[in-house]
Amino acid sequence: MWARGAFNLLGSRTAGVLFRSQLIWNGQFRANHWQSSLLELRTAMPMRAEPPRKKKRVDPKKDYAQRERLKKKIRKLERAAQELIPIEDFIIPFRFMDEKRVRELTPLSLEESEKRAKLLKQWAAYKQRQDRAEMDTIKSLVAAQEQALKELRLESEELYQAAILRDDCLFPFDRQEPLHTPPQATYEAPEGKCNDLTRTYTH
């Protein structure tokens with residue numbers, strides 16, 4: 001009676017599928033004596049599935065036109081090489097290539113020119129004295145080294161041969177130098193807007 005009433009209300013096909021699903025669901029989970037009968041109406045477990053999507057109809061004319069455009073682009077690329085994007089850093093503007101554009105130096109006074117010539121002579125004399133002092137120091141160090149090697153050879157030939165061996169750890173010489181100038185405490189950064197003038201290229 002219960003099954004026939006369900007068929008009448010829901011329809012033969014829908015009720016049959018629902019009835020079979022309830023029997024399977026109840027049969028799988030009825031393992032205790034306190035559960036009700038298998039013919040009891042229960043809610044089924046939701047089926048997490050998406051209905052099939054309808055396939056979009058492709059217009060053959062649009063498809064043919066798209067293929068023709070693609071073939072046309074391919075033929076165009078085969079005929080001519082692709083245009084490269086110019087690098088503006090390697091292009092010298094024409095206004096800087098004018099040969100008439102010459103920087104004129106302001107003439108120096110007689111006193112300033114004599115002052116600079118005297119300063120240049122003093123600098124040359126200072127560098128000459130510095131070079132002579134360095135050469136004398138190197139000569140004295142080389143002479144002392146040769147004298148020490150002679151005395152060492154008289155004492156022991158093995159120590160002498162070990163002393164004249166090349167030091168592979170001496171080079172390469174690595175030294176860390178300052179890479180940036182120290183910041184200025186009194187410097188105030190200017191405030192303003194930044195206009196991006198970078199060109200964009202589309203192919």
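Author: A salt bridge is defined as a side-chain nitrogen of Lys or Arg within 4 Å of a carboxyl oxygen of Asp or Glu. Side chains of opposite charge can pair when their charged atoms come close. This is a predicted model, in which local features need pLDDT of at least 70 and side-chain atom pairs count only at pLDDT 80 or more, while totals for chains, interfaces and linings use all residues. Residues are numbered from 1 along each chain as its sequence is written, and side-chain values use heavy atoms, with hydrogens and water left out.

Reader: How many salt bridges does the rule give?

Author: The count comes to three salt bridges. In one of them, R67 meets D63 at 3.6 Å, N to O.

Reader: Where do R67 and D63 lie in helix 3 relative to one another?

Author: Helices (H or I, at least four residues) and strands (E, at least two) are DSSP runs, numbered from the N terminus. R67 and D63 are about one helical turn apart, because four residues separate them in helix 3.

Reader: Is R67 buried or exposed?

Author: Buried means under 20% relative accessible area, exposed over 50%, and partly exposed in between (1.4 Å probe, protein chains only). R67 has 54% and is therefore exposed, whereas D63, with 27%, is partly exposed.

Reader: Which side chain does R116 meet in a salt bridge?

Author: R116 pairs with E112 at 3.2 Å, N to O. Both belong to helix 4 (residues 110–155), where a spacing of four residues puts them about one helical turn apart. R116 is partly exposed at 47%, and E112 is partly exposed at 30%.

Reader: With which residue does E157 form a salt bridge?

Author: The partner of E157 is R153, and their closest N and O atoms are 3.3 Å apart. E157 counts as partly exposed at 37% relative accessibility, as does R153 at 44%.

Reader: Which residues gather in a patch of positive charge?

Author: Patches are made of residues with over 30% relative accessible area and no salt bridge; like charges are joined within 9 Å, and nonpolar side chains (Val, Leu, Ile, Met, Phe, Trp, Tyr) within 5 Å. Here K71, K72, R75, K76 and R79 form a surface patch of positive charge. R79 lies in helix 3 (residues 60–79) and is exposed, at 66% relative accessibility.

How values were computed:
Areas by Shrake-Rupley, 256 points an atom, 1.4 Å probe, with all protein chains shown as cover. Lys, Arg positive; Asp, Glu negative; His and termini not counted. Charge placed at Lys NZ, Arg CZ, Asp CG, Glu CD.
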